[in-house]
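Open the model in a viewer and keep the selection tool at hand. The stops below go from one selection to the next.

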Amino acid sequence: MITLEHYWMGRDVEYRDELTDEIERNARLTVERVNLLLRHIAAYGGLRAEHGPTTGNPVASGWRPAEINARVPAAVPDSPHIIGAACDLYDPRNALDDWCMSHLDVLERLGLWLEHPSYTNGWCHLQIVAPPCGNRVFDPWQAVRPHATKPEYRATGE
Ligand SMILES: [Zn+2]
């Protein structure tokens, strides 16, 4: 399970001025839906979210104020992490990604969208807002650079 505290990563204090009511509402919903998913995966898939070596909890990347997002390698400029609507879970063996890919009906029921696992080696990106393409599993760069080739991705989390 993850908590709002895990999700903020201390940035609710450090970036207090950027933390709006909207972001807070989104973050609560993100944490709630991710926890429903994790509960479901534990109950029916026998999988537990692992704790990240740097964060000490399952969140690899939570809220990102715009300034931080700009520094994250391979983060799209308008990432929903900025508005508190996306969460990366530590997923070193991509077990969560694999589970999600074969249970898209569960994601749909919970109101979650998944960044395609080919872009998230080592973590699992979930968001509570539909991507521009509308697909449950999406290419994060499609709307940004429709004709560009894939950038290099690294398993960094933050
Ligand atoms: Zn993400």
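**From strand to sheet**

Select strand β1 (residues 59-61) together with β2: two bridges join them, and they run antiparallel. Strands here are DSSP runs (E, at least two residues), as helices are (H or I, at least four residues), numbered from the N terminus; two strands pair if DSSP finds at least two bridges between them. The model is a predicted one, where local features need pLDDT of at least 70 and side-chain atom pairs count only at pLDDT 80 or more, while totals for chains, interfaces and linings use all residues. Residues are numbered from 1 along each chain as its sequence is written.

Pick S61 next; its bridge partner in β2 is D88. Opposite C87 stands L126 of β4.

Now show the whole sheet. It is open, with five strands in the order β1-β2-β4-β3-β5 and mixed pairing. Because β1 and β5 (137-138) are at the edges with a single partner strand each, one side of each has no neighbour in the sheet.

Return to β2 (residues 86-91). Is it enclosed or open? Six of its six residues are buried, so the strand is largely enclosed by the rest of the structure. A residue is buried if 20 or more other C-beta atoms lie within 10 Å of its own, exposed if 12 or fewer, and partly exposed in between, with C-beta atoms placed from the backbone. A86, D88 and Y90 cover one side, and C87, L89 and D91 the other.

Last, select A42 in helix α3 (residues 21-45). A42 is partly exposed because it has 13 C-beta neighbours inside 10 Å.
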